[in-house]
Each structure stands twice: as C-alpha cells, then as structure tokens.
Amino acid sequence: MSYDKPLPRFTSTNRPYWDSLNRGKFSMQCCEACGHMQFPPQPSCANCLSFDHMGWKEVSGRGRIWSGIVMHKTYIRSFGPDTPYNVVMVQLEEGPLLMSTLIDGNDRIECDAPVEVVLDRVTEDLVLPKFKLSGGAS
Amino acid sequence: MRSLTPAAIVGVGNTNFHSMYRSPNPERSSYDLGVSALDAALDDCGMSKHDIDALLCMRIPSYEILADRIGIRRIRYSNYYVGDGRMSGIVLQHAVSLIQSGLATTVACVYGNNGRSASATYGGDVNLDGNQAYDQMFGMTSPGAYVSLMYRRYRHIYNAPDDSLAPLAINNRAHAALNGDAVMQTPITYDEYMASRYVAEPLRLFDYCLINDGGVAMIVTTPERAKDLKKKPVYVQASATAADLKNFYSSDDFFQKSTEMAAKDLYEASGLGPGDVDCLQIYDNFTPTILFSLEGFGYAPKGQAWQLVRDKSIAFDGDLPINTSGGHTGESYMQGWGHQVEAVRQLRGEAGARQVKDCNVVHYMCVAPLVLTHMLTNDLG
C-alpha cells in the first residue's frame, strides 16, 4: 500500500523520529547538553544553540488537548476523502506541542482532555502518532 | 520615536474592490494594482510622483520593477515587505522612521494583492521541507485554522458561546454596505451568520477574510510639507510593536502578553488611552482576532470582549466604532492597508455615510506574532 498524504521530507535530523515510531516507540528530540526537549526536530537546540548534542528520548505518549478544529474545507487534495476531519494540537506531558488527530471522532474534541498516543501504521515503513482520549485522569 | 515630531499621512488611494471582485482577470498583477492605487493617492494629495524619495512596497515582489512601473528611478530608498498582514503596520512605522531620521522626506507606501485573480486559497501550499510539514501531514493548514484553534480554546476557558463572533461579522457587513468600494454590498443577519457553513470549525465562512484583488497606497511626509497640500493631514501620533515568535502561529495566551507590551508603549508614547479613542481599526484576518485585540489593548477585561461587542454598539454611530469601512470580511482583504486608510478618511471627515461624529483619534491595531499599533490623530496640538 502507498501513502499519498504529505509528509516531511526525510532528513538526517528527523530520521530518528520516524525510525522510533516504526519500532513502536514515540520519541522526542532532546538536547544532551542542556536537556531541552523540542518538536519538530531541528539541527540545533533552541535552548542552548548547540548543534552537536541533539539526542532522542522516549516520551510517555500522554498529554492533553490544547485545542482542536474540524476542517470542513479540503485545502490539501489528499485529505478530500477524509473531509470533514479533525486536527488537535496536543501538549505532551513532557512539554512539547504537536499537531495530530483525535481518533475518537470530530465531535469528541475537548480542550484540556487527557489523551494518549496511538501509533498508527499506514505503510510497512511508516507509523504516524495519533491520539485517543484517555480513560481517566492522567 | 517618543519625542520626535509625528509624520503626516497626506494622500491615500485604493482601487475599487467591488468592481474588481466582479471581474477577476488572470492578467491582473499586483504591480498593476499598486500603480493604480499610487496614482489615486498622488491625486488625493496633489503631489507629483517626482516628490517621492522613498518607495516601500508590500506583497508586490520587486521594488525595482515597481519603481520602474512608476517611473521613479532616482529616489533615495526602497524596500519590499513580505505579504504578512502584520507588515502593513510596519510599513507605515518605517515610513515614519525614515522621515524622522532624515533619510527621506516623502514616502510612497504601496500595496497590491491579486489574490482572487491568482486563485489564492491562503492554505494548502504544502512545503515538505518546512516545520509546517509536521502540521500538513495531518491536514493542518491555513491561517484560519490556526486562529480557529485559539478561538475554540478561548471559548472553553471563558465560556463564550457559539455565537460570540456574530456581532463582529454582522458589524463588518453593515459597514461594508455603506461603503461603495466594498466587495460586499449587503448586510447579513444573525440567522444568516449562524447558518453559514463551517470552514475550520468553530469558525464559519463569515468569520473569514475575503479573497479579492486590490491595491492601496499612502503618501507620508513631514508636517511642514503637509501644510501645502490638498487635504487635512493625519498624524501618526505614536506607534508600537511587540513580538510573540515561535513555531506555531497559534499563541497559547492569544497574544495577550505581547499585545499588552505594545499597548503600554503606545499609550505612554502617545499620551492617549482607550478613553480618548473615537474609532478603532482592528486587523481582522478572522473575527476572533478582534476579541484578542480588544482584550490585549485593555478595551475589555481578559475573556470578556465577547460580552463587550454583544452589549455595546460597535457601529460607526455607536459606543465603540469598529472597522467602519467593513473590515477584512466586508470591505476587502488588504491585510491592514484598508484599515489604515479608513482611519485617515475618518480623521479627515471623508467617511461619508459611515462617518464617526467628531472623530479626532483613531486606534489601529494588528494582533499577530508581531503586534503593530498606531494612534492616529488629525491635530498635532
């Protein structure tokens, strides 16, 4: 099967993000010099500006919905069949923010609701981090 | 800027947004639109293009080609500003700074946007190499969606109901209907607003800026030079900025902190505050930005602007006139240029059917990752 939706171009900087997901682990870039965790992955640390200490750390996968929207317009053609679809901005408990989607459904978005990551395999090489509402308080 | 003599806006011009909207033309360029608007602005003040010694353009890609189109080869200074709405306020600030520093005397500020003819969608341009690819991979795109994210959270925190933006959308359309150049010439009702389709829910169609073609220009010069010209000068009494720069457009405090910083600077520098303001021109890429602006600038307590605009009249003849020419959802999406020009017209008493009575102070504000704001007056004294 092939995946027709946009993806960041694979680089040496972001490769570990995808490799980690492919191995069933959700990791964030973490500077080994100062401990700063950041997303998306970049060649340098946004805290101490180091280029030489960028590492990776597995994260819990838990977070909260900062907010979400339901896209009723198809701006990106490959999302046509999915429209209307939801996008949530999740704040991971370790700090970083990222965009994703809530698999529970467009009408289940609630700000501050606790969520946990769901690793969704879309091809044999590609796993995307999506989120689902957590059962109870996290 | 604090103790320097304010510069004067002496000429303004714009294309007819309405007639252009009815006649998109794939050959229409941003240069064409900018040149038309500049011609109108020169006519407005009675200056010649040869009086111009600095050319600042926004969204028109090459200042060299623009200068060539205008036929002003030997000026002192020129620059281009990217087509981000926050830059419209920056262009005016820089025009003022060039004059106050003596680097120029008469600055032509020119904007051209052929978005409709060029089939712009303001969303969907996929960039696999940028940070936004991590958003686009989930279908997250377009500035409206990023503002909608903030607005949903704002509603959650402050218990603002689903119709909180209705007064803003309705107000813009009511004013546009009094503005012969506006794209939209008919008002909308509450029911029509609520029935309009969602784009990036919770934002509706009528919460979104238009996509249209247009050109706008302003001529800025010294108060001395202004005395000899056709119209009553409008002064940039003071101006301020503040930034909230990070990866996502959506700000976790709805730009409150940065807006408060800019507000403090502006009110101190101008000696004016919300109580002195006769009319507000508020950058409204999407209607929620108006709420964030009103709160950040202290017109309403945090979380209560949605009540203010519901309970007070924001019409040109009301308690707190906002966006009297129709704003970005009614007049035209000229990324703040239309708002700045409307401020000038109100202060000159040229706003016709939508004229605010005794209008002497207009507050322009643009809340974005760069906050831009000016106090404009019609009297130096």
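These questions and answers walk through a predicted model of chains A and B.

Residues are numbered from 1 along each chain as its sequence is written, and chains are lettered from A in the order in which they are written. In this predicted model local features need pLDDT of at least 70, side-chain atom pairs count only at pLDDT 80 or more, and totals for chains, interfaces and linings use all residues, while side-chain values use heavy atoms, with hydrogens and water left out.

User: How many residues of chain B are in contact with chain A?
Analyst: Contact means heavy atoms within 4.5 Å. On the chain A side, 38 residues take part. On the chain B side, the number is 38.

User: What area is buried between chain B and chain A?
Analyst: Buried area is the accessible area (1.4 Å probe) that two parts lose on being put together, summed over both. Carbon and sulfur atoms give 67% of it here. The total is about 3300 Å².

User: Which three residues supply more than any other three of the area that chain B buries against chain A?
Analyst: Together this trio supplies 25% of the area that chain B buries against chain A. The residues are B:Y134, B:M137 and B:F138.

User: Which residue of chain A forms a salt bridge with B:D129?
Analyst: A salt bridge is a side-chain nitrogen of Lys or Arg within 4 Å of a carboxyl oxygen of Asp or Glu. The rule finds two across the interface of chain B and chain A. In the one with B:D129, the closest N and O atoms are 2.5 Å apart. The partner is A:R9.

User: Which element gives the most to the side of chain B that touches chain A?
Analyst: Helices (H or I, at least four residues) and strands (E, at least two) are DSSP runs, numbered from the N terminus. In chain B, α5 (133–136), α6 (143–158) and β5 (200–201) each supply at least two residues of this side. The top contributor gives eight residues. That element is α6(B).

User: Which residue in the turn between β5(A) and β6(A) has a positive phi?
Analyst: Strands β5 (residues 85–92) and β6 (residues 97–100) of chain A run antiparallel, joined by four bridges. A:V90 stands opposite A:L98. The two strands form a hairpin with four residues between them, and phi in the turn is about 125° at A:G95.

User: Where is A:P40 found?
Analyst: A cis peptide bond joins A:F39 and A:P40, with omega about 0°. Another cis bond runs from A:T83 to A:P84, with omega near -5°. A:P84 lies in the loop between β4 and β5 of chain A. A:P40 is in the loop between β2 (37–38) and β3 (54–58) of chain A.

User: Is B:S119 buried or exposed?
Analyst: B:S119 has a positive phi of about 55° although it is not a glycine. This serine is in the loop between β4 (107–114) and α5 of chain B. Buried means under 20% relative accessible area, exposed over 50%, partly exposed in between (1.4 Å probe, protein chains only). At 58%, B:S119 is exposed.

User: What is the relative accessible area of B:F255?
Analyst: Phi of B:F255 is near 65°, positive in a residue other than glycine. B:F255 sits in the loop between β7 (234–243) and α10 (256–270) of chain B. B:F255 is buried, and the value is 1%.

Terms used:
Pairing = 2+ DSSP bridges.
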